[in-house]
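Student: Could you take me through one part of this model closely, starting with the ligand surroundings and working outward from there?

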Amino acid sequence: MNITLCCTDTKAEPWLAGLRAAFPEATVDVWQPGSAQADVAVVWAPPQRFLDEQQALKALFNIGAGVDALLKLHLPPGVRVVRLDDAGMSVQMAEYVCHAVIRHFREFDGYEADMKAGKWSYRRPRDRKDFAVGVMGLGVLGERVARALRVFDFPVHGWSRTPKAIEGVFTHSGEVGLETFLSASRVLVNLLPLTPDTQDILNRQTLGRLQPGGYLINVARGAHLVDADLLALLDSGHLAGATLDVFRTEPLPPEHPFWQHPQITLTPHTSARTLRDESIAQIAGKIRALEAGQPIAGVVDAIRGY
Ligand code: NDP
Ligand code: OXD
């Protein structure tokens with residue numbers, strides 16, 4: 001077997017060492033223009049030239065959960081695109097989202113500012129019944145996040161394309177379920193994949209349906225959010241704030257108004273990082289399963305877009 005590695009923005013050497021250790025019998029190399037044809041590729045943001053040259057690939061393993069960037073490229077015919085299926089990401093996402101929800105709900109930013117100013121003062125406890133959290137996307141990450149929020153007794157709503165049942169979570173699905181889902185939610189967490197159906201889904205109309213004092217947590221993709229609509233809803237007072245981990249352009253350009261906005265908390269696309277050892281173990285297991293003709297989880301449906 002011939003395995004090729006093509007990772008833009010990621011150091012290739014440790015991945016190469018891990019894959020070589022997992023496949024001592026195979027040839028595992030970093031792709032260079034003109035490299036030999038490989039059977040399997042492990043990629044992050046590969047250039048189109050890589051795919052144009054590697055026309056014999058049977059499987060393309062993405063070292064991330066989102067495949068939106070990959071699906072914009074012309075892929076070799078018949079290649080199976082496989083996304084990372086948790087591999088240590090869902091627990092990180094649950095930590096990040098619970099932290100953001102609780103920080104907002106308990107007004108910890110306000111307390112931090114008070115303490116820095118030498119001010120000892122209390123805020124009136126808020127009722128968590130008034131802080132229903134809506135999780136958009138109930139896949140590998142969204143379901144884990146919804147379950148984690150339930151541990152803190154927040155009312156939790158979830159929205160997916162097809163109907164789901166998750167204990168303790170009010171579930172909604174499809175276009176018909178969207179309006180009820182949004183109007184039941186005060187805090188909105190986005191964990192949808194970026195597809196033609198979900199691009200710009202966080203806009204004036206949808207965010208405007210959240211309960212007054214709404215709060216947005218976007219941890220999926222920047223292109224889900226219409227930036228100007230978020231700013232307008234913050235200015236109007238309909239939304240109380242936002243925590244954003246992902247942006248239309250990354251790194252976020254220095255002149256972007258999000259940087260200085262007092263009601264926006266930013267992090268640099270770090271809510272759920274790809275963990276190398278877990279990812280290599282998962283990918284190696286799937287390559288072995290494919291070799292043995294067994295089915296694997298995480299194969300992307302290119303028509304559906306995720
Ligand atoms: P999954 O594919 O497991 O889940 C996607 C969920 O979204 C499913 O529940 C699916 O519904 C739902 N969905 C898709 N399209 C629609 C639609 N049109 N309407 C309603 N629901 C829809 O993805 P993951 O949970 O693994 O990851 C989600 C996204 O998180 C990734 O695509 C990526 O963009 C982002 N991400 C961000 C990271 C970060 O660090 N910021 C890290 C990792 C991922 P159904 O169940 O019915 O199919
Ligand atoms: C991913 C990401 O999709 O890191 O895995 O955003």
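Tutor: Let us begin with ligand 1, which is surrounded by 30 residues, the closest being R83, L141, T162, K164 and Y306; a residue counts as near when one of its heavy atoms lies within 4 Å of the molecule. Before going on, please keep in mind that this is a predicted model, in which local features need pLDDT of at least 70, side-chain atom pairs count only at pLDDT 80 or more, and totals for chains, interfaces and linings use all residues. Residues are numbered from 1 along each chain as its sequence is written, chains are lettered from A and ligands numbered from 1 in the order in which they are written, and side-chain values use heavy atoms, with hydrogens and water left out.

Several polar contacts (pairs of N or O atoms within 3.5 Å; within protein, one must be able to donate a hydrogen and the other to accept it, and residues adjacent in sequence count only if both atoms are side-chain atoms) can be followed here. R83 places a polar side-chain atom 2.5 Å from an oxygen atom of ligand 1. Backbone atoms take part too: a polar one of G139 is 3.1 Å from an oxygen atom of the ligand, and a backbone N or O atom of A272 lies 3.2 Å from an oxygen atom of ligand 1. Taken alone, ligand 1 exposes 940 Å², and the protein buries 92% of that (accessible areas by the Shrake-Rupley method with a 1.4 Å probe; for residues, only the protein chains shown count as cover).

Oxygen atoms of ligand 2 lie 2.7 Å from a backbone N or O atom of G66, 2.8 Å from a polar side-chain atom of R221 and 2.7 Å from a polar side-chain atom of H269. On its own ligand 2 exposes 210 Å², of which the protein buries 86%.

The automatic or database assignment gives domain 1 (2–87 + 274–291) and domain 2 (90–266). Between these domains the count is one salt bridge, and two residue pairs are in polar contact, both at pLDDT 80 or more. On the side of domain 1 that touches domain 2, two residues are nonpolar, one is polar and four are charged.

Notes: A salt bridge is a side-chain nitrogen of Lys or Arg within 4 Å of a carboxyl oxygen of Asp or Glu. Ala, Val, Leu, Ile, Met, Phe, Trp, Tyr, Cys and Pro count as nonpolar, Asp, Glu, Lys and Arg as charged, and the others, Gly among them, as polar.
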